[in-house]
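Okay, thanks for coming, everyone. I'll walk through one structure today, a few spots at a time, so let's get it up on the screen.

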Amino acid sequence: MTHTPRTTAPATPAPPFGRALCAMVTPFTGAGALDLDGAALLADRLVRGGCDGLVLSGTTGESPTTTDAEKSALVRAVREAVGDRVSILAGVGTADTRHTVELAREAEKAGADGLLVVTPYYSRPPQDAVEAHFREVADATGLPLALYDIPGRTGTRIEPDTLIRLAGHPRIVAVKDCAYDLLATQKVMAQAELAYYTGCDEYVLALRAIGGAGYISTVANAAPGVFRAILDAFDSGDTAEAARRQRQVIPLVESMMSAGLPGAVTAKALLGRLGLPAGPVRAPLRSAGPEVADGLLAVYEELVAG
């Protein structure tokens, strides 16, 4: 008996927010003010480059240092720029449940299609409190939620059993996964209908191969098309090409995400070298120096040339 290899990827449910999402930086002017015109230009470029979703006011969007009013203004400006071409997720997670609920309601008014809600940080609540927090936010609006599991930053993970229970809420539909625990991820995916998006650019292909929905990428700020190509190759059945493309992006991923600087810093440095809206980062972050920016540009140019 001969074995006929698969020519197409396994069928997965339609992702609620698209497949290829960018965790967009928040552009500032040289003086540090919110640059709404720059945000509109950058958002349009990302959509034209292959993103079918944008995440605003996440970690890469410097949400800890933007005001509530700035967050709402950003959603409105990007909504106007991209129209209905893509989904917009608004990052609304804070360490305070009441504040998170307020931000969720304002994001809904501003035109967001969904909410990205990070685990409450610093206070390290137990799992029953984490669950109650997410449920209260999910009950506050009519928007779908993506839960953001990034214990390396928050100090608290969303345990698999907690995620499985939360999946029963009609508006909790997705996870941005930065837990670096594929075993736990697969456990949840096997028992709950949650769309999994990797927030780790080195795992784009790995998560898609086990049934993930796609990615929410920081590096895609500069190179949206090369990340979209990984998914396109895999979904067309060309797994070898998908693997080649995943390996191809690793030098840029390593330069931007594993060089000791936050992704917001490196993304803005590279965007600035490319002549795109970005501007400085806000304190306590510090903008990258010229040597770092030049190094990022060299790696980027090698990627796009290949």
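Where is the place of Ser 57? Ser 57 sits in the loop between strand 2, which is 53-56, and helix 2. Before I go on, keep in mind that this is a predicted model.

Back to the backbone. Most residues other than glycine have a negative phi, and most peptide bonds are trans. Ser 57 has a positive phi, near 60°, and Ser 57 is not a glycine. With a relative accessibility of 5%, Ser 57 counts as buried, since the cut-off for that is under 20%.

Tyr 180 is another one to click on. Its phi is near 55°, again a positive value in a residue other than glycine. You'll find Tyr 180 in the loop between strand 6 and helix 7, the latter being 182-191.

Then there's the peptide bond between Ala 283 and Pro 284. That bond is cis, with omega at about 15°. Pro 284 belongs to the loop between helix 11 and helix 12, and helix 12 is 290-305.

Okay, on to helix 3. Helix 3 covers residues 97-110, so to speak our 14-residue example. From its first C-alpha to its last, helix 3 reaches 20 Å, close to the 20 Å you'd expect at 1.5 Å a residue.

What caps the N-terminal end of helix 3? That's Asp 96, with a side-chain oxygen 3.0 Å from the backbone nitrogen of Arg 98. After the helix comes Gly 111, and here phi is positive too, near 115°.

Which residues of helix 3 are buried? Thr 100, Val 101, Leu 103, Ala 104, Ala 107 and Ala 110 are. The buried residues of helix 3 pack against helix 2 (68-82), strand 3 (87-91), strand 4 (114-118) and helix 4 (127-140).

Leaving out neighbours within four places in sequence, Arg 76 is in contact with Lys 109 and Ala 110. Ala 110 is one of those buried residues of helix 3. Arg 76 itself comes out at 42% relative accessibility, so it counts as partly exposed. And if you want a distance to check, Arg 76 and Leu 36 are 40 residues apart in sequence and 9.3 Å apart in space, C-alpha to C-alpha.

Asp 161 lies in helix 6, residues 160-166, and Asp 161 is partly exposed at 43% relative accessibility.

Now for the rings. A pair of aromatic rings is described by the distance of the centres and the angle of the planes. The structure holds three aromatic pairs. In one of them, Phe 17 and Tyr 197, the ring centres are 6.4 Å apart and the planes are at 40°, so we call the pair tilted. Phe 17 is in the segment before strand 1 (20-23) and Tyr 197 is in strand 7 (residues 195-198), so this pair ties together parts that are 180 residues apart in sequence. Phe 17 is buried, with a relative accessible area of 3%, and Tyr 197 is buried as well, at 1%.

While we're on strand 7, look at which way the side chains go. Ala 195 and Tyr 197 point one way, Tyr 196 and Thr 198 point the other way, and all are buried. Strand 7 pairs with strand 6 (residues 172-177) in the parallel sense, over four bridges. In strand 7, Thr 198 is the bridge partner of Asp 177.

Last stop: what does the side chain of Lys 268 make a polar contact with? The side chain of Glu 62, at 2.8 Å. Lys 268 is in helix 11, residues 263-273, and Lys 268 is buried, with a relative accessible area of 5%. Not counting residues up to four places away in sequence, Lys 268 touches a whole list, including Val 25, Thr 26, Pro 27, Phe 28, Ala 278 and Val 281.

Note on methods. Residues are numbered from 1 along each chain as its sequence is written. This is a predicted model: local features need pLDDT of at least 70, side-chain atom pairs count only at pLDDT 80 or more; totals for chains, interfaces and linings use all residues. Side-chain values use heavy atoms; hydrogens and water are left out. Helices (H or I, at least four residues) and strands (E, at least two) are DSSP runs, numbered from the N terminus. The expected span of a helix is 1.5 Å times one less than its number of residues. Buried means under 20% relative accessible area, exposed over 50%, partly exposed in between (1.4 Å probe, protein chains only). Contact means heavy atoms within 4.5 Å. A polar contact is a pair of N or O atoms within 3.5 Å; within protein, one must be able to donate a hydrogen and the other to accept it, and residues adjacent in sequence count only if both atoms are side-chain atoms. Rings of Phe, Tyr and Trp (its six-membered ring) pair if their centres lie within 6.5 Å; planes under 30 degrees apart count as stacked, over 60 as edge-to-face and the rest as tilted. Two strands pair if DSSP finds at least two bridges between them.
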